[in-house]
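Here's a quick tour of some charged pairs and the nonpolar packing in this one. Have the viewer open as you read.

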Amino acid sequence: MRRKYLVLPAVLILAVAVVTTVNLWPTELKKQRQQNLCLGMLTERTAGLLQDGKGGTVVADEFVPDGAESAGESADPVFSTICFVNRENAEDKSGNGPRLQYTLDVSSSDVPSEAPKGATTIENGRTGWVGQRQSEVQLPDGCASKMRRPDEPYVTVTLKVSPVAIAGRDWDYASLMKDSRTVILEAVENLAQQYGCAT
């Protein structure tokens, strides 16, 4: 009779131990989000490539618009967060805030967007394009289901370059597009690794 009453507490303790281990076990998603900027999409080094040439420390702010969390989007913040990549004003004593360099965000849809005129298509197994002011690259097939978006198979990372960065580089679009390509491809690769759908 005593053994019967001991089995239930032992099973409960085992269940709690398993749940705790799973939650504390380091996953690629947790590791990258702790080590990198913009929900784990960018290393600090790559985040600093696309900039206005005036120096200053790279600062990434992850912003969730009002109502995005309560709109039932997802428990995962990746679809409701906009990452603002800024540069601090190192020598400016005027009290001006950081200078916006670009933004990164992730969205899902049931149709892919088309490249604008003048954009360069991404190749080497990726789908997307790099433009003068905006770039979009899709995550590999299968990522949507792993990200709990099975009805919207196109998950896209969008990078938008700030006018401050464009003017700071003297409208050198070739250089901006080269750096935009590096930044967005790292973001896509790291995001796919976080969800276990990298190719």
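Glu-189 has a relative accessible area of 25%, so it counts as partly exposed. In this predicted model, its side chain meets that of Arg-126 in a salt bridge, 2.6 Å from N to O. The two sit 63 residues apart, with Glu-189 in helix α6 and Arg-126 in the loop between β4 (120–121) and β5 (128–130). Arg-126, at 14%, is buried.

Searching the whole structure turns up 4 salt bridges. Among them are these:

| Pair | N to O distance |
|---|---|
| Glu-189 and Arg-126 | 2.6 Å |
| Arg-149 and Glu-152 | 3.5 Å |
| Arg-169 and Asp-179 | 2.5 Å |

Arg-169 lies in the loop between α5 and α6, and Asp-179 is 10 residues away in helix α6. Arg-169 is buried at 15% relative accessible area, and Asp-179 is buried at 11%. As for the other pair, Arg-149 is buried at 13%, while Glu-152 is partly exposed at 30%.

Back to Arg-126: one of its contacts is Gln-138, which is found in strand β6 (residues 134–138). Gln-138 is buried, with 13% relative accessibility, and also touches Pro-112, Tyr-154 and Val-188, among others.

Now for the greasy part. The largest nonpolar core has 38 residues, and Leu-42, Tyr-102, Leu-104, Met-147, Val-157 and Leu-191 have the most contacts inside it. Helix α6 gives the most to this core, 9 residues. Leu-191 itself touches Met-41, Val-78, Val-106, Leu-139, Met-147 and Val-157, leaving out residues up to four places away in sequence.

Key: Residues numbered from 1 in each chain as written. Predicted model: local features only at pLDDT ≥ 70, side-chain atom pairs only at ≥ 80, totals over all residues. Heavy atoms only, no water. Helix = DSSP H or I, 4+ residues; strand = E, 2+ residues; numbered from the N terminus. Buried < 20%, exposed > 50% of the residue type's maximum accessible area, 1.4 Å probe, protein only. Contact = heavy atoms within 4.5 Å. Core = buried A, V, L, I, M, F, W, Y, C linked by side-chain atoms within 4.5 Å.
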